[in-house]
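This briefing is meant for a reader who is meeting the structure for the first time. Please look over the sequence and the model before reading on.

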Amino acid sequence: MGLSESIFAQKFGITEQDLQSYLAEALSSGGDYADLYFEYVSTTSIAIDESIIKSATQGVSLGVGVRVISGERTGYAYSDDLEPDKIRKAARVAGYIASGPSKVEKTGLHDGPKRNLYPVLTAPTEMSLAERVDLVLRADKAARAADHRVFQVQAQYIDNLRHVLVATSEGVVTNDRQPMARMGVAALARQNGGMPQRGYSGGGGRVSLDFFLNEKTPEHFAKEAVRQAIVQLDAIPAPAGEMTVVLGPGWPGILLHEAVGHGLEADFNRKKVSAFSDRIGEKVASELCTVIDDGTIDSRRGSLNVDDEGAPTQKNLLIEKGVLRSYMQDKLSSRLLHAESTGSGRRESYQHIPMPRMTNTFMLAGESDPEDIIRSVPKGIYCANFGGGQVDITSGNFVFSASETYLIEDGKITRPVRGASLIGNGPEALKYVSMVGNDLKLDEGIGICGKEGQSVPVGVGIPTVKIDRMTVGGTA
Amino acid sequence: MTQTDLEELAGRVIKMAAEQGATDAECTIAESNDFSVNVRMREVETLTEAGSRGAGLRVLVGRHTGSSYTSDLTNDGLRFMVHSAMELAKITTEDPHAGLPDREELGSLKGDLKLYSDSVPGLLAPDKINWAKQAEAAALDFDPRISNSEGGSFDSHTGLQVFANSRGFLSSYRYSSVSASAVPVAKEADEMERDYWVSSARDTAGLEKPEEIGRRAAERTIRRLGAKKVATQKVPIVFEPRVARSLLGDIFDAINGDAIYRHQSFLTGKLGEKIASEKVTVIDDGTIPGLFGTSPFDDEGVPSRRTVVIERGVLKNYLLNTYTARKLGMKTTGNAARGITGNPGISHGNFYLEAGDRTSAEIIRSIPQGFYVTELIGSGVNVVTGDYSRGAVGVWIENGELTYPVAEVTIAGSLQEMLLGIVEIGSDLEFRSSTASPTIMVGEMTVSGQ
């Protein structure tokens with residue numbers, strides 16, 4: 001079974017009887033459901049700064065989280081020690097919120113579904129240190145060689161290998177081995193003693209080290225970081241006010257993540273605190289917009305074989321031709337809403353309660369030629385890259401920070417402008433999408449999403465998109 | 001394990017590292033116990049309780065460093081951690097500035113800093129749940145338009161921080177904190193708004209009463225109903241204390257030694273220069289008893305202290321750890337910080353803007369047309385260039401009065417101009433977290449709306 005193949009059986013001697021006894025302990029004061037989440041993560045990070053490998057860190061984190069659900073109540077406790085007494089104590093604490101006899105019928109344990117979206121035989125974490133050190137050395141060298149105006153370079157490489165085992169009172173045991181690696185390069189450039197400008201580029205995924213050797217190399221990220229810094233050297237102040245905004249393909253998909261993604265997470269909608277609550281079937285975007293959250297794309301940063309509640313991830317249709325179709329569900333919300341889990345239950349670690357989260361969120365390609373899109377704009381801005389974003393899911397207002405932006409004048413991309421925030425309202429912003437490009441691109445694998453203090457890796461993607469009206473927060 | 005056991009363990013790790021060939025070593029052990037309850041619509045929604053513990057090690061072999069951590073504090077676990085750090089020291093580059101503080105720089109503040117209250121571990125779960133329930137209830141009962149809620153919460157934490165190094169430093173301290181909050185949701189016609197209020201202290205005696213927390217959260221939420229988007233224009237901006245605090249965070253990002261030596265700050269090389277209006281004095285003080293930015297020593301074993309960062313508009317000092325101090329040819333200011341492992345970074349103690357002498361009402365009264373900002377969202381601050389552009393929510397000021405709520409706009413400018421353009425500072429300085437600021441008025445920024 002899933003258990004016997006897992007590190008928790010092999011290294012820590014956890015048996016099926018153990019799992020059953022912990023689950024029974026969790027439900028000993030009542031409750032509708034309980035689960036156990038075992039996690040073992042080994043991490044390596046290596047950083048270069050001023051051409052010196054200044055830091056290298058490795059570590060292991062290990063623990064188990066126990067959850068009990070009783071109606072709308074969730075009790076949670078965890079232990080960073082896998083001693084049976086410690087786990088039993090956590091199980092009793094998690095059960096504190098329940099009372100009365102448990103409604104859960106005793107059942108045997110059986111394996112959950114199996115598949116492998118990231119068939120990485122040797123995870124980067126398991127490779128030699130020298131091979132990984134070489135990546136940041138190469139990035140540093142390439143960035144410095146790319147342009148004489150570069151005067152500071154930092155590069156970081158981080159990988160981890162996460163083993164998880166989920167056992168539920170429904171009798172399902174799921175185990176997964178989740179590799180992850182990413183690298184990032186930051187470059188500072190300056191000309192004629194002026195103000196320095198910073199560029200940043202990074203990427204990765206649930207990949208083997210080959211990804212950085214053959215697909216997206218340290219040189220690729222280094223050159224991109226330098227290019228972005230150099231572009232900014234000639235930037236003029238960004239404009240202020242409402243105008244036409246064209247988003248470039250790829251990472252600008254963060255718009256979807258902020259404008260609609262968070263607002264479609266089922267917990268907010270169950271509680272009716274989202275601007276999208278009770279709006280299934282309503283038009284929330286122009287008919288050119290079809291938005292998907294897909295946790296099943298091979299090797300992507302946001303992908304998972306199973307979510308952090310043991311449910312298989314899916315390709316979920318959120319918005320179809322402008323009409324809101326579904327929310328992203330975890331176990332608790334789907335129970336309370338009498339819906340199915342969409343495989344969207346995620347958590348940062350064993351110390352955290354799962355909740356509905358995004359995986360890889362993107363808009364399907366349209367039919368427009370990206371060049372035609374630019375040509376159709378007499379006056380506006382073109383956003384090629386973004387920093388981060390944030391949303392107030394209740395009012396629906398969101399912002400995202402443009403880091404590489406250009407003016408569009410008479411249908412042509414002209415001058416670069418300085419960083420500025422863009423602000424809009426979730427259920428309204430996408431109604432102004434008037435053209436969608438045929439060039440869907442996913443980001444390079446750098447996204448981290450934060451919600452209620454929990455960070456998880458995600459992906460985004462978008463084709464070139466024209467939004468007729470959006471507020472740009474510049475100064476000019 | 002007791003505090004003495006964990007100190008002994010940290011000492012043992014240092015010894016093991018030396019035996020493995022480390023020329024210097026630093027070990028942190030952190031232990032914490034956390035409780036958190038969220039109540040929603042008057043019922044318990046989530047309750048979490050757990051404890052955790054971890055150890056981290058940094059070794060130096062000559063001028064090469066390596067770091068590792070583990071949550072396995074058995075002998076095997078610690079041996080693996082030491083081995084791992086030693087292996088990593090082989091792959092890092094020799095760094096002439098790497099190293100521990102000098103012996104005479106090490107030490108710990110004497111006396112009771114009031115970081116820990118015995119009452120916190122003794123709090124009973126039912127009482128904590130009640131606290132959260134009362135905070136939420138006060139918000140729900142405040143106004144019929146508050147018909148929904150993201151809940152009321154109560155959190156309590158206690159922890160133990162142990163630090164040892166190979167230059168003879170071995171010390172530890174306990175700390176505690178509690179916080180309570182309410183997050184009501186108000187609805188009117190098609191519009192839905194939420195806001196929050198949170199109160200934090202070292203123990204419950206220092207908290208605002210739950211009724212007060214709920215009421216303030218409710219008032220803030222109701223105040224947002226009917227929000228309009230204003231026309232794009234340049235006006236004076238008033239930051240209420242809660243958002244002014246984020247501006248202090250931006251200043252910290254620009255004056256910490258890491259940003260300075262890498263030239264990642266618009267304030268690089270500006271020591272001794274006038275960088276802010278004469279009204280601006282910014283202090284970092286890690287020694288004030290009871291506050292959240294206080295500690296007896298920093299994460300390198302250097303005592304916390306008071307440092308004047310900006311004095312009457314002139315940049316006086318950067319905040320430094322040992323490494324950045326050596327890079328810049330200066331002395332550490334006792335601001336080293338790290339998680340459980342790795343090279344030290346930098347954090348502040350109690351980092352605050354000194355109070356002025358006018359009330360926020362007096363400041364608002366002086367403004368014919370302006371924007372009173374109560375919330376900022378997004379990450380649009382670039383401390384390399386000073387470019388500033390963030391989403392904002394607040395209330396429009398007309399003829400010295402707060403009028404209608406404003407949302408879906410941005411405020412933009414540059415940190416350089418904002419600091420020099422601070423024309424008023426309020427008298428309402430309160431220490432609710434490790435950054436603190438009174439009301440701040442900036443002469444002019446661009447509000448971008450319609």
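Predicted model: local features only at pLDDT ≥ 70, side-chain atom pairs only at ≥ 80, totals over all residues.

Two strands are said to pair if DSSP finds at least two bridges between them. With that in mind, B:V314 of β11(B) is the bridge partner of B:E311.

**Chain B as a whole**

- Chain B contains nine helices and 20 strands, and its radius of gyration of 24 Å is close to the 22 Å that the globule rule gives for 450 residues, so chain B is as compact as a globular protein of that length.
- The C-alpha trace of chain B spans about 70 × 55 × 40 Å along its principal axes, and 57% of the 450 residues of this chain count as buried.
- Where contacts in chain B join residues at least 6 apart in sequence, 72% of them link residues that are at least 24 apart.

**An open sheet in chain B**

- Five strands of chain B form an open sheet with mixed pairing, in the order β11-β10-β9-β14-β19.
- The edges are held by β11 (314-315) and β19 (435-436) of chain B, each of which has a single partner strand, so one side of each is left without a neighbour in the sheet.
- Strand β10 (residues 306-311) of chain B pairs with β11(B) in the antiparallel sense, over two bridges.

**The two domains of chain A**

- Chain A is divided into domain 1 (7-233) and domain 2 (240-473), and the centres of these two domains of chain A, taken over C-alpha atoms, are separated by 23 Å.
- In the contact between them, 37 residues of domain 1 of chain A meet 26 residues of domain 2 of chain A.
- On the side of domain 1 of chain A that touches domain 2 of chain A, β6(A) supplies the largest share, seven residues, and the residues of that side divide into 13 nonpolar, 15 polar and nine charged.
- Helix α7 (residues 254-261) of chain A is mostly covered, with eight of its eight residues buried; among them are A:H257 and A:E258, together with A:I254 and A:L255.

**Where chain A meets chain B**

- The contact between the chains takes 65 residues from chain A and 59 residues from chain B, and on the side of chain A that touches chain B the most residues, 12, are given by β2(A).
- By class, that side of chain A has 27 nonpolar, 28 polar and 10 charged residues.
- β3(A) and strand β2 (residues 43-61) of chain B run parallel and are joined by five bridges, and A:Y78 stands opposite B:A50 in β2(B).

**Nonpolar cores**

- The largest nonpolar core has 200 residues, and those with the most contacts inside this core are A:V66, A:A90 and B:V373; its largest share, eight residues, comes from helix α5 (residues 241-255) of chain B.
- Leaving aside residues up to four places away in sequence, A:V66 touches several residues of chain A, including A:Y22, A:L36, A:Y78 and A:A90.
- A second, separate core of 69 residues includes A:V153 and A:V185 as well as B:L73 and B:A164.

Methods: Residues numbered from 1 in each chain as written. Chains lettered and ligands numbered in written order. Core = buried A, V, L, I, M, F, W, Y, C linked by C-beta atoms within 7 Å. Buried ≥ 20, exposed ≤ 12 C-beta atoms within 10 Å, placed from the backbone. Helix = DSSP H or I, 4+ residues; strand = E, 2+ residues; numbered from the N terminus. Contact = placed C-beta atoms within 7 Å. Domains from an automatic or database assignment. Nonpolar A, V, L, I, M, F, W, Y, C, P; charged D, E, K, R; others polar. Rg over C-alpha atoms; globule rule 2.2 N^0.38 Å.
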